[in-house]
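Visitor: Hi, could you walk me through this model? I'd like to go piece by piece and ask things as they come up.

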Amino acid sequence: MRSSAHLQESRIRRVVLMLDADDAGPRSRLKFAEKLSAIGIESRTVDLPAKDASEFVVNGGTLEAVQRLIEPQRRGDGETAETRAAGSVPLPDGTLQIVLDNREYRVRGLTGVGLEKLKINLRLNVGNLFHLDTLDLYQARARANFAQIAAKHCRVNESVINADLLSLIETLEAERLSMRKTSTNEAESTAAMTEAEKGGDSFPGKTKSCGANSGGLPAVRSGGRNARRC
């Protein structure tokens, strides 16, 4: 597949196949699906209501009709599987939970530093089955190893897990950016408090001495021996 390198460089995660409805169609779908799976891209097939694309257009097929065919299946709450996959939920034990359909990923060890790596402890739960490992998601070989072993342990298609891992990269990059912003804001807040403390009384309970006022006038005594007005 000549365009496989381009698909990987563009970080494509899912592909929709729309092939001819002849005898060669099913064989081609399987061939393309295997090649896409080998480079970590999930694929699915959509059947046109015609023999091929040319007949579909001649019969009045429109772009809107194609978009309706390939649109992800919506859930009862109006969200799509792709929309659901975007967020992460922090759990009380400090892990991040990310749910993709029936697959639950739990992430530990994510930090806001070291942008050249995305090394985490990752657990995949599918029902009562699970796989746990530590890996750098930026490393293609590490992702492939995780997907291969997890697919066997959790009985999930390897290409699906490969696509999940690419989705996790985007989600965790956004989470890490949020962590960096929070850290920066806290540092700025601490610095501002320190500056404010410099202008206050560092030794509470003691009388602050004063000399001449800003206009050059002498201090005025009032009341007791130690009372002075500044």
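**A parallel pair and its surroundings**

Guide: Let's start with valine 15, whose bridge partner in S2 is serine 43. Before going on, please note that this is a predicted model: local features need pLDDT of at least 70, side-chain atom pairs count only at pLDDT 80 or more, and totals for chains, interfaces and linings use all residues. Residues are numbered from 1 along each chain as its sequence is written, and side-chain values use heavy atoms, with hydrogens and water left out.

Visitor: In which sense do S1 and S2 pair, and over how many bridges?

Guide: S1 and strand S2 (residues 42-45) run parallel and share four bridges. Two strands count as paired if DSSP finds at least two bridges between them. Strands (E, at least two residues) and helices (H or I, at least four) are DSSP runs, numbered from the N terminus.

Visitor: Which residues of S1 are on the covered face?

Guide: Val15 and Leu17 are on the covered face of strand S1 (residues 14-17), while Arg14 and Val16 are on the uncovered one. In a regular strand, side chains alternate between the two faces of the sheet.

Visitor: And phenylalanine 32, where is that found?

Guide: Phenylalanine 32 is in helix H2 (residues 24-38). Its relative accessible area is 28%, so phenylalanine 32 is partly exposed. The scale is this: buried means under 20% relative accessible area, exposed over 50%, and partly exposed in between (1.4 Å probe, protein chains only). From C-alpha to C-alpha, phenylalanine 32 and serine 43 are 8.6 Å apart in space, and they are 11 residues apart in sequence.

Visitor: New topic: the open sheet. What is the order of its strands?

Guide: The order is S3-S4-S5-S6-S7, five strands with antiparallel pairing. Strand S3 (89-90) and strand S7 (129-136) are at the edges with a single partner strand each, so one side of each has no neighbour in the sheet.

Visitor: How many bridges join S3 and S4?

Guide: Two bridges, in the antiparallel sense. Valine 89, for instance, has glutamine 97 in S4 as its bridge partner.

Visitor: What about S6 and S7, how many bridges there?

Guide: S6 and S7 are antiparallel over eight bridges. Lysine 119 has aspartate 136 in S7 as its bridge partner. The two strands form a hairpin with two residues between them, and glycine 127 in the turn has a positive phi of about 65 degrees.

Visitor: Which residues other than glycine have a positive phi?

Guide: Aspartate 101 is one of them, with phi near 55 degrees. Aspartate 101 is in the loop between S4 and S5, and is partly exposed at 44% relative accessible area. Arginine 155 also has a positive phi, near 60 degrees. Arginine 155 lies in the loop between H6 and H7 and counts as exposed at 72% relative accessibility. Most residues other than glycine have a negative phi.

Visitor: Which strands does H6 touch?

Guide: H6 packs on the sheet and touches S5, S6 and S7, and its direction makes about 170 degrees with that of S7. Axes here are lines fitted to C-alpha atoms, for helices over the stretch in contact, with angles from 0 to 180 degrees between N-to-C directions.

Visitor: Now the largest nonpolar core. Which residues touch the most other members?

Guide: Tyr105, Leu122, Leu124, Leu137, Phe146, Ile161 and Leu172 do, out of 26 residues. Such a core is a set of buried Ala, Val, Leu, Ile, Met, Phe, Trp, Tyr and Cys residues joined through side-chain atoms within 4.5 Å. H7 gives the largest share of this core, seven residues.

Visitor: What is leucine 172 in contact with?

Guide: Beyond its neighbours within four places in sequence, leucine 172 is in contact with Leu96, Ile98, Val107, Leu110, Leu118, Ile120 and Leu137. Contact means heavy atoms within 4.5 Å.

Visitor: Arginine 103: buried or exposed?

Guide: Arginine 103 is buried, at 8% relative accessible area.

Visitor: Last one: what lies over the face of phenylalanine 130?

Guide: Arginine 123 does, at 4.0 Å from the ring centre. A charge sits over a ring if NZ of Lys or CZ of Arg is within 6 Å of the ring centre and within 35 degrees of the ring normal.
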